[in-house]
Amino acid sequence: MKSLKVSNSFAELSPEFYTRLKMQGLQHEVQLVHVNPWVASRLGIDETIWQSREFLEVMSGQRDLPGGVTLAAVYSGHQFGVWAGQLGDGRAHLLGALACASGGTPLEIQLKGAGLTPYSRMGDGRAVLRSSIREYLASAAMDGLNIPTTLALSITHSQDRVRREGIETAAIVSRVAPSFIRFGSFQHWYANQRPDLLQELLDYVCAHFFVDELQASYANPKDKILDFLDLVTQKTAHLMAHWQSVGFVHGVMNTDNMSILGLTIDYGPYGFMENFYPNWVINHSDQGGRYAFAQQVNIALWNLHQLAISFSILGLSEADLREVLAGYESYFYDKYFEIHAQKLGLKQITKADEDLFNDFWRLMASQASDFTLSFRRLATIDSDEAAWLALFPQAAEAKAWLQRYRVRLKLDNLSIEARQAMMNRINPLYTLRTYMAQEVIDEVQNGSFELIDFMIRILQNPYIVHPGAERYAEPTPIEKQNSFLSCSS
């Protein structure tokens, strides 16, 4: 790994932002479970590197990344709408950043589960194999769906014991992203009334991750902050449009789990919608439904408001902050309808399509049809209408909507082939259903790594047919539907 170009710009910030420390890596019977080749290739890591002893030792937290600086970052945040105060990387260690093979912004490597940090609070600093696999698969799934996300490079596992609901074995997942800075990273300095450190963090983020989107200089510093917040608002709104288009439910949309770069971050009790229930909640701790599917768009805006308030200590007025956040709605709906026009095989969704569009969602909701396949099979109604209708128990209602849809398609004058190609590029055949992740977990726990490799290949390209994956392209079996997960997931 010494051949890789390593940096750590975050470690150049003032020492109040982090704690440098040694990891407490995996110890007993450590093994490499899997490496995602798509992620590895972006980092210039070939098979000879990932099969090396050095790679295993670094990714299992037994040694630092050569040339890097290992640290844990501090941040604060709101959890379930309540101010939680200081949080931080309680079981995550930032090792450094690797230059990308294709150039561009270096990608940071962060290990989750490498031991205690000053921010662990009541935690043990460890991650279990079950939750590590779920995060690993989710990162690949979102990446394959072209949704902004942190990535996952590898999973390492050991026989070290960890107590959760019961005794489990320890694992480490290596996360990859341009930055792991969160809304809560900014909130922390507002809460501590440190405008100097808030400004430092702002300048760092703008210089490293928004340099191409912001002006080189500003006569009025407030304008820089407003432009920055506008970009974060746009990226967050677009992320929500993507989530809603694939039925993704994050489960824990706390402000410390919101990426300042508009990435999906911190996969805990997440889920991809199976049968469509607008108020679906995946996290069994969320008894009030705060983070239900139908609430995510509004919660993201609430979180943006908490972020914006932080900049009031830099002289911005409440009116300034409200004005910049007012763009959220149009950013969301512009992206949302752009995506769904393609999902429905239309050139665009116009005002005249409002009833047809809304009635499609009502149809799915009233009949709890399979979210993913209701879109995917719509592309093949000319050759296999029955397969789409089979998703709806009351076929007469579905047929009535389909007749209206066919009339609408004629207005665009697209060929069947062109429409199908458009729809199949954006509507996945496979989604990461909860039972699929559990099958991988069971196989890995039994010592077999074949299924995790197969699943990663499916998830990294979910739009094409994968031989041997036929049952994953069907609705979830009834007995495996509607699972709830805990925050330890």
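**Exercises with worked solutions**

Asn257 is in contact (heavy atoms within 4.5 Å) with Arg182, His250, Val252, Ile265 and Asp266, its neighbours within four places in sequence being left aside. This is a predicted model: local features need pLDDT of at least 70, side-chain atom pairs count only at pLDDT 80 or more, and totals for chains, interfaces and linings use all residues. Residues are numbered from 1 along each chain as its sequence is written, and side-chain values use heavy atoms, without hydrogens and water.

**Exercise 1.** Locate Asn257 and decide whether it is buried or exposed.

*Solution.* Step one: Asn257 belongs to the loop between E12 and E13; strands are DSSP runs of E with at least two residues, helices runs of H or I with at least four, each numbered from the N terminus. Step two: Asn257 counts as buried because its relative accessibility is 11%, where buried means under 20% relative accessible area, exposed over 50% and partly exposed in between (1.4 Å probe, protein chains only). Step three: an unreviewed UniProt entry gives "binding site" for Asn257 and Asp266; such annotations may be inferred rather than shown by experiment, feature names are shortened, and positions follow the numbering used here.

**Exercise 2.** Describe the surroundings of Asp256.

*Solution.* Step one: the unreviewed UniProt entry lists Asp256 under "active site". Step two: Asp256 sits in the loop between strand E12 (248-249) and strand E13 (271-272). Step three: Asp256 has 7% relative accessibility and therefore counts as buried. Step four: apart from neighbours within four places in sequence, the contacts of Asp256 are Tyr75, Ser76, His78, Gln79, Leu87, Arg182, Gly184 and Asp266.

**Exercise 3.** Characterise the largest cavity.

*Solution.* Step one: on a 1 Å grid over the protein atoms alone, a cavity is a set of points where a 1.4 Å probe fits but cannot get out; a pocket is an open set with protein on both sides within 12 Å along at least five of seven lines; lining residues have an atom within 4 Å of a point. Step two: there are 5 cavities of 30 Å³ or more, and the largest holds about 150 Å³, a volume being the space filled by probe spheres set on points joined across faces, edges and corners. Step three: 16 residues line the largest cavity, with Phe10, Ala73, Asp89, Phe180 and Ile181 nearest its centre. Step four: strand E4 (71-73) and strand E8 (107-112) each give two or more residues to this lining.

**Exercise 4.** Determine which helix gives the most to the lining of the second largest pocket.

*Solution.* Step one: the second largest pocket has a volume of about 450 Å³. Step two: its lining comprises 17 residues, and Gln244, Val297, Phe332, Tyr333 and Tyr336 are the closest to its centre. Step three: helix H8 (296-309), helix H10 (328-343) and helix H11 (354-367) each supply at least two lining residues. Step four: H10 gives the most, with 6 residues.
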